[in-house]
Amino acid sequence: MTDYESEQARDSAQPECRIVLLDDNTANRIAAGEVVERPASVVKELVENAIDAGATRIRVRLLDGGKRLIEVADNGCGMSAEEAVLALQRHATSKIRSADDLASVATLGFRGEALPSIASVSHLQLVTKTAACDAGCRVIVHGGDIEGADPAGCSDGTTLAIEDLFYNTPARLKFLKTTPTELARSVETVGHLAVSHPAISFHLLHDDQTVLQTPGAGDAIGALAALWGRETARTLAPISGESNGVGVEGFIAPPDIHRPGRSHELFYVNRRPIRSRFVSHAVEDAYRTLTPDARYPVAVVLIDVNPLLVDVNVHPTKMEVKFTNDREVHHAVSQSVRAALSGHGQAPTLTPPRTFGWRSSGREAGAVPSSLVDAVWTPPSAPEPGASSVAPSLGLPGLSGDPFAPDPEATPPEEAGSGPEQPFGEMLRGFRVLGQARRRARALRAAAQGAQRAGHPWSAAGGAVHCGAGSGRGGAGAPEAARLP
Ligand SMILES: Nc1ncnc2c1ncn2[C@@H]1O[C@H](COP(=O)(O)OP(=O)(O)OP(=O)(O)O)[C@@H](O)[C@H]1O
Ligand SMILES: [Mg+2]
């Protein structure tokens, strides 16, 4: 056998290489599997981008619970034409420069994954303009393929329209829930972000009807009133504390106001909404013996920690974080809530503390699902069939115009916190997961407790509570009850 022949024989004996590098589009779709679970995930990513862009007004429009259309418009910094195209590439971000920056991320996004992931499973249109550019730019993407980028007349800021989410991934599409359920998730998502960004005005419309609108006056109570209704917001008392460098701010409701799940436990780390079982535990521990079993407090807890002590890069949707000093965080939260409760004459009776963590907490056993998604909600008034003014095609009217110009078709927004209950408040009131008998018993108990009070849920402690002192609404230090009549 010649040298050549033996080389040939050796090569043919080697197994063919089975490993290939996936193309960008496939990689994006895989990433989308983690980042984009449902319309609310898209809403979260786009609204977070708008917040990171420094917007003061953010409008979210949904059709069919976001399954047909999600449109997020902001008046933030916008992008140049080159940036707009680059933003749709995987790992393109303006928020970090190197791995070192991950340790101290101050923005909500940082991975450069959201836009390409969303674009790979939808029809996407991006219209954007910076104040420095004379003209804007429109980029159209179908299933991850950029179809075109053209100049466009538009106002400063960015509008993203996502149509037919999961049109090319039928397995995902099949798992989307009903319109009210998907809508409730998006409302929850926008509401949570609004509470930690009270200086931004959020406006969420569904089928051109206002579902949630926050005043953007810098007052978290105003955002909470829009989200939960004024009745609940009026009961909230502020919490404030600091321990071992962990700051805690927020609001709690009196113990006789409780929920069947954790839907009204809102937690934030450096203004980033998070889910955390041990922060839940810290709050519930402070309420122990004050709330009935299998009921959960109403609490908004904003934790302020050195960014170096928290890893925000541990969860696909960034909803969970890892604290270096979790015991200190637990202690600070628990102490702050406890102090606020006892400051209002509500101290837990002395019983052995629940074991740290969730394993042995009786509360978790058989807990009612915390999420709003299991609830059934009928929109305040059903839209007329075909009444939407937003066309489902990518020539969305109004997309290149001023997204914040008054929309004659939209339901006139009520001023949050000053008019009648907000629709989402109604939605929450509509949730009924316990039986009639239980509600009646609760009402009787509340009536008995109420008889001891002088008109305010906390007045047992001797007077109205001052919430959001210093805000423009109602004047500095105005009693909460006065500001939210
Ligand atoms: N509404 C917006 N206004 C201005 N710039 C935006 C907007 N949305 C996106 N961008 C730009 O596009 C980039 C990519 O956005 P994308 O959401 O994909 O990634 P990211 O926000 O950097 O990180 P993450 O994937 O964690 O969200 C951003 O870094 C930002 O520079
Ligand atoms: Mg982002």
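Two residues count as in contact here if their C-beta atoms, placed from the backbone, lie within 7 Å. Helices (H or I, at least four residues) and strands (E, at least two) are DSSP runs numbered from the N terminus. Angles run from 0 to 180 degrees between N-to-C directions, with axes fitted as lines to C-alpha atoms, for helices over the stretch in contact.

This is a predicted model, where local features need pLDDT of at least 70, side-chain atom pairs count only at pLDDT 80 or more, and totals for chains, interfaces and linings use all residues. Residues are numbered from 1 along each chain as its sequence is written, while chains are lettered from A and ligands numbered from 1 in the order in which they are written.

**View 1. Helix α3 on its sheet.** α3 lies across β1 (57-63), β2 (69-74) and β6, and it runs at about 10° to β2. The sheet itself is open, with 8 strands in the order β5-β4-β3-β6-β2-β1-β7-β8 and mixed pairing (two strands pair if DSSP finds at least two bridges between them). At its edges sit β5 (145-152) and β8 (209-213), each pairing on one side only. From one strand to the next, the twist averages 15°.

**View 2. The β3-β6 pair.** Strands β3 (residues 123-129) and β6 (residues 157-163) run antiparallel and are joined by 7 bridges. Look for Thr 128, which stands opposite Thr 158 in β6.

**View 3. α3 against α7.** The axes of α3 and helix α7 (residues 179-196) come within 8 Å and cross at roughly 25°. The two helices are therefore roughly parallel to each other (the label for angles under 35 degrees). On the α3 side, the meeting residues are Pro 39, Ala 40, Val 43, Lys 44, Val 47 and Ile 51; α7 brings Glu 182, Arg 185, Ser 186, Thr 189, Val 190 and Leu 193. That contact divides into 7 nonpolar, 2 polar and 3 charged residues; Ala, Val, Leu, Ile, Met, Phe, Trp, Tyr, Cys and Pro count as nonpolar, Asp, Glu, Lys and Arg as charged, and the others, Gly among them, as polar.

**View 4. Around ligand 1.** Of the 22 residues around ligand 1 (C-beta atom, placed from the backbone, within 6 Å of it), Asn 49, Ala 87, Thr 93, Ser 94 and Gly 109 come nearest. α3 gives the largest share of this shell, 3 residues. By class, the shell has 9 nonpolar, 8 polar and 5 charged residues.

Technical notes
Angles under 35 degrees count as roughly parallel, over 145 as roughly antiparallel, 65 to 115 as roughly perpendicular and the rest as oblique.
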